[in-house]
Amino acid sequence: MDYKSVKDSEVFISVLMQPSHSNFGGKIHGGYILSLMDQIAFACASKYSGAYCVTASVDTVDFRNPIEIGELVTMKASINYVGRSSMVVGIRVESENIQNGFVKHCNSSYFTMVAKDEEGKTTSVPGLILNSDIDRRRFVKSIRRMEMKKAHSEEYKALDGSTAESLEILSEYNVQVNLSNNNE
């Protein structure tokens with residue numbers, strides 16, 4: 001089996017934010033940023049694996065700080081975890097006011113990418129060499145996120161929405177439950 005280091009996967013992009021990227025509130029549209037993140041995740045995973053890659057899932061994206069028109073957005077991506085054919089790409093998004101040099105962390109996210117061969121079937125990816133404590137910590141955190149995601153998925157499947165417990169949960173929210181119009 002081949003092995004590559006995290007450094008072998010690193011990709012950086014910088015894009016100047018323009019008025020055409022803004023939303024109605026005058027800030028850069030989150031969907032535009034997500035599109036750039038998907039592109040850099042693809043580039044990082046494909047660079048690392050040497051294969052065409054597709055997005056399998058995106059972990060939580062919390063927009064911490066707004067991005068302004070005229071700021072330079074830099075995205076940094078690297079492989080945090082590898083499985084047999086899957087990879088977790090960690091992405092950090094920062095924006096910089098290019099007049100005063102102020103840099104702010106806008107968001108971080110984790111994209112799970114899957115390597116595909118020419119026939120569209122999953123294909124193996126190289127193993128990952130962990131050269132630093134940061135590499136090791138990111139790998140372990142990826143495993144923990146996957147474990148939590150799996151546990152959450154199993155817990156979610158167990159809920160059916162019609163039990164007394166579900167009705168009790170609904171009573172805590174701003175909803176009106178009308179059971180006489182059951183249109184399933």
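Before I turn to any residue, let me say that contact here means heavy atoms within 4.5 Å of each other. With that in hand, we can look at Met-87, which, not counting residues up to four places away in sequence, touches a list of residues that includes Ala-45, Tyr-48, Cys-53, Tyr-81, Phe-111 and Val-125. Please keep in mind that this is a predicted model, in which local features need pLDDT of at least 70 and side-chain atom pairs count only at pLDDT 80 or more, while totals for chains, interfaces and linings use all residues. Residues are numbered from 1 along each chain as its sequence is written, and side-chain values use heavy atoms, with hydrogens and water left out.

Now to the core. A nonpolar core is a set of buried Ala, Val, Leu, Ile, Met, Phe, Trp, Tyr and Cys residues joined through side-chain atoms within 4.5 Å, where buried means under 20% relative accessible area, calculated with a 1.4 Å probe and protein chains only. The largest such core has 33 residues, and among them Met-75, Met-87, Val-89 and Ile-91 touch the most other members. Helix H1 (30–49), strand S4, strand S5 (86–96) and strand S6 (103–116) each supply at least two residues of this core, helices (H or I, at least four residues) and strands (E, at least two) being DSSP runs numbered from the N terminus. The largest share, 8 residues, comes from H1, and buried residues of H1 include Ile-33, Leu-36, Met-37 and Ile-40.

In strand S6 we find Asn-107. Is Asn-107 buried or exposed? Asn-107 counts as buried, because its relative accessibility is 0%. Leaving aside neighbours within four places in sequence, its contacts include Ile-33 and Met-37, as well as Asp-62, Arg-64 and Ile-91.

Let me finish with the aromatic rings. Rings of Phe, Tyr and Trp (its six-membered ring) pair if their centres lie within 6.5 Å, and planes under 30 degrees apart count as stacked, over 60 as edge-to-face and the rest as tilted. By this rule there are 2 aromatic pairs. In one of them, the rings of Tyr-81 and Phe-139 have centres 4.9 Å apart and planes at 40 degrees, so the pair is tilted. Because Tyr-81 lies in strand S4 (residues 72–82) and Phe-139 in helix H2 (residues 133–158), the pair ties together parts that are 58 residues apart in sequence. Both Tyr-81 and Phe-139 are buried.

Technical notes:
Buried < 20%, exposed > 50% of the residue type's maximum accessible area, 1.4 Å probe, protein only.
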